[in-house]
Structures are given as C-alpha cells and as structure tokens.
Amino acid sequence: MSQKSLAEISTPVRHFAIQLSATRRGARLARLLAERQLDEWGEAYDAAGQVVAELASNAVLHGRVQGRDFRLALRLHADRTLRIEVTDARGDRIPRLQEPAADDAEAGRGLRIVSAYAHRWGAVEAAAHGKTVWAELCLGRS
C-alpha cells in the first residue's frame, strides 16, 4: 500500500468540532449537536448520540475544572468509522470500567454503555494537563 493511500484512509472525510461549557447544559448540547451533525451527514445517530451523551456527561461530572470548557470532536472516515472525542481538563482522572453497578445505583454505567455501542474506546493525554476520551463506532457495519 502506498503512503498516499494510507493517508487517504486515515484522513477524515467529514469533521466537526466545538468547545462547550463544562455544565449539564453543555453536555446536553453536545449530544444534540452531534445528532444534528450526523443527521446532516446522512448518518444514523442513535448509537453515537448515546456515546456522546455519556462521554460529555463524564467530562462535566469527572473532568471539570472551574473556568475550563470541554471539547467535542466528530470525525467520519471514508469507511464510515465515526471517531468521537471528548477532551476535558482533568488528565489525572483516566476513565476505567468499574465493577457492574447495582441495579438501583444512579451512577456507574456510563462507560459500560460506551463499551456496548463502540467497537473500541480509550483515553489519551491532551494538552494543558487534560485528557481525550475517544470511541469509535462502525456506522456501516452492525
């Protein structure tokens, strides 16, 4: 495979990014904007909307630093792999799957939901001591 074809495969066909306030309202807006963007791209958005909602909610609840926003990015590749990235200000809080939450627990299921919808997910360091939590969904495959 040539270098050019490798670059074409990894380069997103479509890209969307926005910075939002690290508030509950910002988290809700992240989901709505992601769903709207995917709809404009002609893609189904139910699964992606759930993943964005969970990652944005985690950014607000666990990654918030007063006065700092979080960032949502969507990258849709030619093979219809959607990469969702949520960057927050707390690089010291790396997400990990916890033991299953009790049936009546009000928290603790977010990353399990992400794991159920995403083909893979993870976290990496970001600038200014932050982190980016990402998830990839294969929209063209079940």
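The protein contains an open sheet of five strands in the order 1-2-3-5-4, with antiparallel pairing. Strand 1 and strand 4 (120-126) stand at the edges with a single partner strand each, so one side of each has no neighbour in the sheet. From one strand to the next, the twist averages 15°; the axes behind such angles are lines fitted to C-alpha atoms, for helices over the stretch in contact, and the angles run from 0 to 180 degrees between N-to-C directions.

This is a predicted model, in which local features need pLDDT of at least 70 and side-chain atom pairs count only at pLDDT 80 or more, while totals for chains, interfaces and linings use all residues. Residues are numbered from 1 along each chain as its sequence is written, and side-chain values use heavy atoms, with hydrogens and water left out.

The protein has four helices and five strands, which follow the pattern α-β-α-α-β-β-α-β-β from the N terminus on. Helices (H or I, at least four residues) and strands (E, at least two) are DSSP runs, numbered from the N terminus. Of the 142 residues, 37% count as buried. Buried means under 20% relative accessible area, exposed over 50%, and partly exposed in between, with a 1.4 Å probe and protein chains only.

Two strands are said to pair if DSSP finds at least two bridges between them. Strand 1 and strand 2 are antiparallel and share seven bridges, and Phe16 stands opposite Leu74 in strand 2. Strand 2 also pairs with strand 3, again in the antiparallel sense, over six bridges. Here Ala73 stands opposite Glu85 in strand 3. Four residues lie between the strands in this hairpin, where Arg80 takes a positive phi near 70°. On to strand 5: eight bridges join this strand to strand 3, and the two run antiparallel. Val86 stands opposite Val133 in strand 5.

Because eight of its eight residues are buried, strand 3 is largely enclosed by the rest of the structure. Thr81 has a relative accessible area of 11%, and its side chain makes a polar contact with the side chain of Asp79 at 3.0 Å. A polar contact is a pair of N or O atoms within 3.5 Å; within protein, one must be able to donate a hydrogen and the other to accept it, and residues adjacent in sequence count only if both atoms are side-chain atoms.

Next comes helix 2. Its buried residues are Gly26, Ala27, Ala30, Ala34, Glu35, Gln37 and Leu38. They pack against strand 1 (14-20), helix 3 (46-62), strand 2 (70-76) and strand 3 (81-88). Just after helix 2, Gly42 takes a positive phi of about 80°.

Last is the nonpolar core, a set of buried Ala, Val, Leu, Ile, Met, Phe, Trp, Tyr and Cys residues joined through side-chain atoms within 4.5 Å. Of the 27 residues in the largest such core, Leu55, Phe70, Leu72, Leu74 and Ile84 touch the most other members. Helix 3 gives the most to this core, with seven residues. Leu72 touches residues including Phe16, Ala30, Val52 and Ile84, not counting residues up to four places away in sequence; contact means heavy atoms within 4.5 Å.
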